[in-house]
Amino acid sequence: MIGRSVLTIIPPELHSDEPRILATIARGERIEHFETVRLTKSGTRIDVSLTISPIKDDEGGIIGAAKILRDITEQKKIADTLQRSEKLAAVGRLAATMAHEINNPLESVTNLLYLARKDHNMGERTQEYLKLADQELDRVAHVARQTLGFYRENSAPVLFKVSPVISDLVDVYSYRFRNRDVHVERELDEAAELFAPVGEFRQVFSNLLVNAIDALPSKGGRVRIRLQSGHDWNGTARSGVRLTVADSGGGIAPETMPRIFESFYTTKRDIGTGLGLWLTRSIVQKYGGRIQVRSRVQIGTVFSVFWPREAAHGESVAGISA
Ligand SMILES: Nc1ncnc2c1ncn2[C@@H]1O[C@H](COP(=O)(O)OP(=O)(O)O)[C@@H](O)[C@H]1O
Ligand SMILES: [Mg+2]
């Protein structure tokens, strides 16, 4: 660099900053922790923090400047990641609140429509309209439920029997199973118990179940739900429950697989939010559990979750991770 202009390490579009910096130094002032971009020897751009102080002679005249540049690329990356996960957490909370606010009126309207449709005095036209309204409502309910419907429910851990929780949720979707001739098989260990927040467990199962239904063709297909009490399959002695949801749907393409747990990644144009699996995994991990997936295109998909009976001591149980 000796003998060359300082502009060599400054990106062209920032050259105009230099006179401003020099003017500041000429006034005898310092510049501290100024975040900007500089070029390395090979021409790559790095984020730097700049501190410049004037160098003075014995009479106080300014004869030069001392510049210190710190490479802050890594810090920048960490800050960006943090900001992204904060954004995601905020979006999660927002969606949860909305789903919560929407669910109650939705339930009422669904019930009202049901009652209205039982009134056989009305004309055929009206019957037909009500039927359509019911179907549209079903779509809204689907999205709301799938988003974060159970998120806000009591989040204190309690000891509960798992199999009734699963059966209840299967009943919630039974209308859709019947409508689409889906064959549902249940193999539930009645004794399986967990010490966990029921709402979040429900959220996990519901997301997997909804995805299984979505993967099936418009008529037919199979969903198998299995619940076992047992140990973690990685060979450790941790006890807990294993929940398996398998479908005979279209499967997940190998190139899609690495992305399915990303937030907002969806292959369902109309009804997809891309939050289901992301949320599912963050809940499972929050309680020290694990989630696995196996899939073959045109054959089907199997999701397995291991949920430890109690979150291990000292395990982090707070916050949503990206
Ligand atoms: N059982 C499944 N069968 C096939 N693809 C699935 C299954 N579960 C998840 N996927 C894929 O993973 C994507 C992300 O799922 P998810 O996070 O639940 O979001 P969404 O259901 O809103 O699309 C889906 O769009 C789909 O492509
Ligand atoms: Mg989903």
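Helices and strands are taken here as DSSP runs numbered from the N terminus, helices comprising at least four residues and strands at least two. In these terms, the lining of the second largest pocket of this predicted model receives at least two residues from each of α6, β8 (239–247), α7 and β10, and α6 gives the most, with 5 residues. The pocket holds about 490 Å³ of space and is lined by 27 residues, among which N211, I260, T267, K268 and L277 lie nearest its centre. By class, this lining divides into 12 nonpolar, 11 polar and 4 charged residues.

Ligand 1 sits in the second largest pocket, where the shell around the ligand draws at least two residues from each of α6 (198–215), α7 (276–286) and β10 (300–308). Of the 19 residues around ligand 1, T266, T267, K268, T273 and L277 come nearest, and the shell as a whole consists of 7 nonpolar, 10 polar and 2 charged residues.

A polar side-chain atom of T301, in turn, is placed 3.4 Å from a nitrogen atom of ligand 1. Of the 530 Å² that ligand 1 exposes when taken alone, 95% is buried by the protein.

Terms used
Residues are numbered from 1 along each chain as its sequence is written. Chains are lettered from A and ligands numbered from 1 in the order in which they are written. This is a predicted model: local features need pLDDT of at least 70, side-chain atom pairs count only at pLDDT 80 or more; totals for chains, interfaces and linings use all residues. Side-chain values use heavy atoms; hydrogens and water are left out. A residue is near a molecule or strand if one of its heavy atoms lies within 4 Å of it. A polar contact is a pair of N or O atoms within 3.5 Å; within protein, one must be able to donate a hydrogen and the other to accept it, and residues adjacent in sequence count only if both atoms are side-chain atoms. Accessible areas come from the Shrake-Rupley method with a 1.4 Å probe; for residues, only the protein chains shown count as cover. On a 1 Å grid over the protein atoms alone, a cavity is a set of points where a 1.4 Å probe fits but cannot get out, and a pocket is an open set with protein on both sides within 12 Å along at least five of seven lines; lining residues have an atom within 4 Å of a point. A molecule sits in a cavity or pocket if more than half of its atoms lie within 2 Å of its grid points. Ala, Val, Leu, Ile, Met, Phe, Trp, Tyr, Cys and Pro count as nonpolar, Asp, Glu, Lys and Arg as charged, and the others, Gly among them, as polar. Grid points are joined across faces, edges and corners, and a volume is the space filled by probe spheres set on the points.
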